[in-house]
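Thanks for passing this one along. Below are my notes as numbered points, to be read with the model open beside you.

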Amino acid sequence: MHSIRRKRGYAFLRSARFLSRFRKSTEAASFSGNRVELFRNGGDFFPAMLQGFNSATSHICLEFYIIRNDRSGDLFARSLAEAAGRGIAVHLIYDYIGCLETPASYFRELEKAGVRCVPFNRPPFRKGLGWFDRRNHRKYACIDDARVFLGSLNIGDEYAGFGESVGTWRDVGVLIDGPVAAEFLRMFRETWEEETGAPPAGLPAATASPPGTGAAHVMVVNGAPHHTHSFIRSSFRMAIAGSAKSVRIITPYFVPGPRVVRSLLKAAMRGVRIQILLPAISDVPLVKIASRAYLSPLLKEGIEIYERKGTVLHAKVMLIDGCWATLGSANLDFRSFHRNYEVNVIVDHTGFGTQVNQMFDEDLSRSGRITLEAHESRGWFERLLERLCDPIRRFL
């Protein structure tokens with residue numbers, strides 16, 4: 001059976017049986033006819049997104065976890081204000097916790113310019129601190145029901161560079177033109193109404209998307225805490241289970257839990273080559289410590305684990321058999337699985353997969369491999385820190 005699957009490779013991922021099971025387990029929305037463009041760095045993504053704002057003709061809807069009051073945040077605000085000044089309906093949802101360091105005056109100025117702003121999960125202090133664990137971690141901009149910019153990039157200077165230093169992180173984004181934009185607008189409307197109790201004013205009524213002319217098939221996986229099980233985790237596990245030849249993963253925060261670990265080990269045992277790229281320098285050191293507890297069983301089964309050097313790695317990408325790419329806001333950790341609002345896309349297109357493969361190879365050339373011998377020889381203090389992380393691993 002395993003040898004048959006290895007020969008079939010990409011065809012298995014595209015089979016009606018697999019896709020039916022995938023959609024059932026993840027409730028993924030599926031769209032054909034899209035065009036997808038990869039931005040390998042934030043320094044390419046941000047100018048393209050701002051240009052997209054400038055060319056909008058009807059509306060712009062955005063959800064971002066972090067928006068900083070720095071140079072990038074200023075350019076972002078100016079571009080949205082200019083669009084609103086042209087009569088474009090601009091709606092922005094920002095996460096209250098993610099934007100704690102951003103002064104309230106930043107959003108007041110946007111409101112004065114005509115941008116409708118809603119903080120996600122404003123703290124209801126009368127209900128205690130339970131609200132703190134509910135975050136909107138999505139990062140996307142939907143323009144005119146036709147284009148979507150999304151990825152793992154927040155709005156800030158550290159995300160807007162080319163990953164050449166600790167101050168400018170390594171990140172990834174995409175532009176999708178086509179029918180899939182309708183799903184992002186639907187998701188935005190739903191979130192806006194949940195937070196405000198009313199639909200977003202000034203947006204056109206929801207309509208069926210016209211057929212697209214692109215060659216990419218795109219699925220959207222929407223994760224939220226109120227779901228009965230984690231659609232985000234299911235999408236990762238099923239993608240790994242569907243692999244025949246290779247799994248390549250880039251993730252900044254690797255606290256996957258036993259189920260994802262089992263999926264990786266099963267794939268490795270049937271001969272799939274698995275490569276995982278983690279950060280050598282993390283912006284959340286506690287998560288890096290917690291992730292070490294998962295590495296030994298993976299290394300023992302021959303899974304290749306690397307650390308990207310020279311910058312902070314923030315990209316979140318999984319590539320299956322060189323053709324099936326998953327990327328978006330979700331990390332391989334408990335918070336993304338169970339506590340955050342997240343959104344990922346699965347892009348089924350061989351040309352796009354080739355680009356992602358090339359990007360992975362380039363990052364690999366700037367990385368160092370973690371060997372089982374080196375990992376097992378780590379000191380007692382590091383092991384103690386890992387043990388101390390056990391009780392809080394599910395909250396990271």
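Is F12 buried or exposed? At 15% relative accessibility, F12 counts as buried, where buried means under 20% relative accessible area, exposed over 50%, and partly exposed in between, with a 1.4 Å probe and protein chains only.

1. First, the ground rules. This is a predicted model, in which local features need pLDDT of at least 70 and side-chain atom pairs count only at pLDDT 80 or more, while totals for chains, interfaces and linings use all residues. Residues are numbered from 1 along each chain as its sequence is written, and side-chain values use heavy atoms, with hydrogens and water left out.

2. Back to F12 and its ring partner. A search of the whole structure finds 17 aromatic pairs; rings of Phe, Tyr and Trp (its six-membered ring) pair if their centres lie within 6.5 Å, with planes under 30 degrees apart called stacked, over 60 edge-to-face and the rest tilted. The rings of F12 and F18 have centres 5.5 Å apart and planes at 50°, so this pair is tilted. F18 is buried too, at 3% relative accessibility. Ring pairs join F12, F18, F22 and W324 into a cluster.

3. Another pair worth a look is F188 with W192. Their ring centres are 5.7 Å apart and their planes meet at 35°, so the pair is tilted. F188 and W192 are separated by about one helical turn because they sit four residues apart in helix α7 (residues 181-196); helices (H or I, at least four residues) and strands (E, at least two) are DSSP runs, numbered from the N terminus. F188 has a relative accessible area of 0% and is buried, and W192 is buried at 6%.

4. Now the nonpolar cores, each a set of buried Ala, Val, Leu, Ile, Met, Phe, Trp, Tyr and Cys residues joined through side-chain atoms within 4.5 Å. The largest has 48 residues, and L264, I276 and W324 have the most contacts inside it. Leaving out residues up to four places away in sequence, L264 touches I240, I249, F254, I274, I276, L298 and I303, a contact being heavy atoms within 4.5 Å. A second, separate core has 46 residues, among them A29, V174, Y341 and M359. In soluble globular proteins, nonpolar side chains tend to be buried together.

5. On a 1 Å grid over the protein atoms alone, a cavity is a set of points where a 1.4 Å probe fits but cannot get out, a pocket is an open set with protein on both sides within 12 Å along at least five of seven lines, and lining residues have an atom within 4 Å of a point. Grid points are joined across faces, edges and corners, and a volume is the space filled by probe spheres set on the points.

6. The largest cavity holds about 90 Å³ of space. Its lining includes Y253, F254, K288 and E307, and α10 gives the most to that lining, with three residues. By class, this lining has eight nonpolar, one polar and three charged residues; Ala, Val, Leu, Ile, Met, Phe, Trp, Tyr, Cys and Pro count as nonpolar, Asp, Glu, Lys and Arg as charged, and the others, Gly among them, as polar.

7. The second largest cavity contains about 70 Å³ of space. Of the 13 residues lining this second cavity, F236, I250, K316, V317 and A330 are the closest to its centre. The elements giving two or more residues to the lining are β10 (246-250), β14 (317-320) and β15 (324-328).

8. The largest pocket has a volume of about 710 Å³. Of its 30 lining residues, Y65, R135, Y253, D283 and V284 lie nearest the centre, and α10 and α12 are the elements that give two or more residues to the lining. The lining has 14 nonpolar, nine polar and seven charged residues.

9. Finally, two backbone details to check. E27, not a glycine, has a positive phi of about 50°; E27 lies in the loop between α3 (16-26) and β1 (29-39) and is exposed, at 57% relative accessible area. D321 also is not a glycine and has a positive phi of about 55°. D321 is in the loop between β14 and β15 and counts as buried, at 10% relative accessibility.
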